[in-house]
Amino acid sequence: MASRLQLGGDNTVLLRVTHSNIKGFSSEVRFDLEMSVEAAKEKLWKKCGTSVDSMLLVLYDDAGSKICDLSDNARPLGFYSPLNGYHIKVTDQDPSSVSSGGWLDDTSLVEKYKISEEAYNKLDSNFRKFKEKMLSQNAMTHEKKLPENYVDDLCKSIKVGERCEVEPGEKRGVVKFVGKVENRGPGFWIGIQLDEPLGKHDGMVNGKRYFECLPQHGILLRPEKVKVGDYPERDPFDEEEI
């Protein structure tokens, strides 16, 4: 229901706006009652795309009855006494308007660009060529996959007692165990005694001891996460604090 009630000092009105050519367009827009009809058209042009010169505004009440055409661009909008809940219909009078014909509502009416198979294949770059390239690269990657015994060979190069560095975090420690772990998935695991208390246990996992170390210094990792070599224990005082 339309209302003449206004908040103190409020000189605006909230109107529902529709468009003659764009059936799916419906928006609530707030207008200053002191703005000219031309200024209101400028505001609506930014929302619906109809040019100001081609735009006719028709005012309806909240029951859908036509009140009048807003035909005088120089008059303030308030001259026509619109109320909150009233309806302005934007009529596009340009027969060649981009909104005419209904194609902004129904994209099936838009003429689709078509290209022949021959012309498409001649393009330097297209989706089909991109897809073929990606499939070729994936095939090459698949051919270069690691051998089935890669992990076993990796485990053979990791010996108990060797210094190591592990990922993530580049934590260092000593290899304490190489073997299989119950309820941890198939394959080999590497047990590490970390130099710092950054681990998860003391070498006992699920009630079974795999190696000995201080509490919170033990960790089990897959062999690909472990690098053995000259990784001396870090000196916490090696770097000066600033």
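What percentage of the 242 residues of the chain count as buried? The answer is 32%, where buried means under 20% relative accessible area, exposed means over 50% and partly exposed lies in between (1.4 Å probe, protein chains only). This is a predicted model, in which local features need pLDDT of at least 70, side-chain atom pairs count only at pLDDT 80 or more, and totals for chains, interfaces and linings use all residues. Residues are numbered from 1 along each chain as its sequence is written, and side-chain values use heavy atoms, leaving out hydrogens and water.

**The whole chain**
- The chain has four helices and 12 strands; helices (H or I, at least four residues) and strands (E, at least two) are DSSP runs, numbered from the N terminus.
- Take the contacts between residues at least 6 apart in sequence: 50% of them join residues at least 24 apart, with contact meaning heavy atoms within 4.5 Å.

**Helix α1**
- Helix α1 covers residues 37–48, and its 12 residues should span 16 Å at 1.5 Å a residue, which agrees with the 16 Å between its end C-alpha atoms. The expected span is 1.5 Å times one less than the number of residues.
- Which residues of α1 are buried? They are Val37, Ala40, Lys41, Leu44 and Cys48.
- Looking down the axis of α1, you find these buried residues within an arc of 100°, so they line one face of the helix. The arc is taken from the directions from the helix axis to the C-beta atoms.
- Covering the buried residues of α1 are, among others, β1 (12–19), β2 (26–32), β3 (55–60) and β5 (87–92).
- After α1 comes Gly49, whose phi is positive, near 90°.

**Asn126 in its loop**
- Asn126 sits in the loop between α2 (117–122) and α3 (127–143), and with a relative accessible area of 8% it is buried.
- What does the side chain of Asn126 reach at 2.9 Å? It is the backbone oxygen of Tyr120, while the backbone nitrogen of Lys129 is reached at 2.7 Å.
- Both are polar contacts, meaning a pair of N or O atoms within 3.5 Å; within protein, one must be able to donate a hydrogen and the other to accept it, and residues adjacent in sequence count only if both atoms are side-chain atoms.
- Leaving aside residues up to four places away in sequence, Asn126 touches Tyr120 and Asn121.

**Aromatic rings**
- The whole structure holds three aromatic pairs. Rings of Phe, Tyr and Trp (its six-membered ring) pair if their centres lie within 6.5 Å; planes under 30 degrees apart are stacked, over 60 edge-to-face and the rest tilted.
- Phe127 and Phe130 have ring centres 6.4 Å apart and planes at 40°, so this pair is tilted.
- These two residues are three apart in helix α3, which separates them by about one helical turn.
- Phe127 is exposed at 56% relative accessibility, whereas Phe130 is partly exposed at 48%.
- Charges also sit over rings: Lys43 lies over the face of Phe31, 5.3 Å from the ring centre, and Arg75 over the face of Phe79, at 3.9 Å. This requires NZ of Lys or CZ of Arg within 6 Å of the ring centre and within 35 degrees of the ring normal.

**Lys208 in strand β10**
- Lys208 belongs to strand β10 (residues 208–209) and is partly exposed, with a relative accessible area of 36%.
- The side chains of Lys208 and Glu182 make a polar contact at 3.2 Å.
- Lys208 and Val181 are 27 residues apart in sequence, with their C-alpha atoms 9.2 Å apart in space.
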